[in-house]
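Biologist: Hi, I'm new to this one. Could you walk me through some of its side-chain contacts?
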Amino acid sequence: MTIASYRYSLGNGLALTAYSIDPSISENDLRKMVSSKDGSSGFDLKKLRGNMTFIERMDSLGKWEINAIDEPYHVPEQLRPYREALQAKLDSEGKFNGPVPIVRGVFGNPLTICKGGYYDFMATKRESVPANLVPGKYMTGKTIEDLMPEWGMTNDQRANFVGSAFIMKPNNGRELCLVHRAKGLGIAADCISSAGGTLQFKDEFFNPGFNFTRYYEAHVAEEMEEEFCLGRGDFEIQGVSLVTDTTSVPLGVIEIVTPLGTKEIAERSSQSKSAIKEHPILYTMPKEAVGSFLERFDMWPSISFVLHHLYVK
């Protein structure tokens with residue numbers, strides 16, 4: 001199937017290519033979008049390092065020790081009125097308080113998680129303004145980040161669920177594939193970033209003999225099928241990095257290597273409504289172009305931090 005694409009020179013014989021998997025986005029649309037974003041980067045490594053920490057990189061998910069405890073997460077007492085009001089609002093919008101694993105204590109390896117909900121995460125987002133929903137209870141205009149020092153609240157008390165970010169390496173790692181994430185996503189909406197997923201907290205975590213490695217690998221396989229139409233035989237996990245981000249959520253960064261090129265992945269994805277819903281555009285570049293790309297194009301901060309560590313340093 002023919003899909004729209006646009007190749008944009010990055011100089012020195014390197015180029016960024018955009019593929020539209022959404023039939024409503026034309027080659028001309030891609031040209032305008034890519035051209036307009038060149039020069040938009042605000043990449044500031046010192047600032048990123050102030051908010052994010054690269055903890056470690058492992059060569060397999062089997063080396064990440066994850067333990068679940070049978071205790072529910074509760075938002076800090078100061079935020080409970082806001083949490084209740086937010087639930088009423090989100091319920092009325094048809095949203096769902098899906099079960100997510102919340103980090104208990106320090107994010108890293110080993111990792112301890114407990115059961116929380118998506119609404120808990122939303123109720124502790126640093127940029128949220130509680131007074132917008134509960135006027136009179138909170139200071140007008142102040143974000144949760146503003147209020148945290150006044151309450152003595154630490155970042156570890158927020159509902160930091162475990163996010164998954166997928167660093168796609170097509171053509172056996174010679175390419176890097178990024179996506180333009182769709183509008184309306186819960187995290188990193190309408191920007192250049194990686195694809196991502198959210199683990200669900202399962203009661204089966206407490207079953208005798210439960211294996212977190214197999215569970216996480218199945219999660220990765222499900223996301224690869226949904227977002228890129230890749231079957232289990234089409235890719236392998238090359239590495240797993242752990243990254244903290246005080247401005248968003250901590251990440252398990254999964255490096256996915258596939259022999260398929262980005263063009264073929266885009267052609268497959270163009271047949272999938274679920275893929276188009278997640279990210280209507282794929283971007284690809286040679287791995288040698290990553291440094292130049294970071295300096296020129298704006299993207300989701302935690303992923304720019306990860307890419308710099310993996311490709312530039």
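Biologist: Let's start with Asp59: what is its relative accessible area?
Modeller: Asp59 has a relative accessible area of 44%, so it counts as partly exposed (buried is under 20%, exposed over 50%, partly exposed in between, with a 1.4 Å probe and protein chains only). A caveat: this is a predicted model, where local features need pLDDT of at least 70 and side-chain atom pairs pLDDT 80 or more, while totals for chains, interfaces and linings use all residues. Residues are numbered from 1 along each chain as its sequence is written, and side-chain values use heavy atoms, leaving out hydrogens and water.
Biologist: Which residue forms a salt bridge with Asp59?
Modeller: Lys63 does, with the closest N and O atoms 3.1 Å apart. A salt bridge here is a side-chain nitrogen of Lys or Arg within 4 Å of a carboxyl oxygen of Asp or Glu. Lys63 is partly exposed too, at 48%.
Biologist: How many salt bridges does the structure hold?
Modeller: It holds 14. One of them joins Asp120 and Arg83, at 2.8 Å between the closest N and O atoms.
Biologist: Is Asp120 buried or exposed?
Modeller: Asp120 is buried, at 7% relative accessibility, and Arg83 is buried at 13%.
Biologist: Switching topic, how many aromatic pairs are there?
Modeller: The search of the whole structure finds 15. Among them, Trp64 and Tyr216 form a tilted pair, 5.6 Å centre to centre with 40° between the planes. Rings of Phe, Tyr and Trp (its six-membered ring) pair if their centres lie within 6.5 Å; planes under 30 degrees apart are stacked, over 60 edge-to-face, the rest tilted.
Biologist: Are those two buried or exposed?
Modeller: Trp64 and Tyr216 are both buried.
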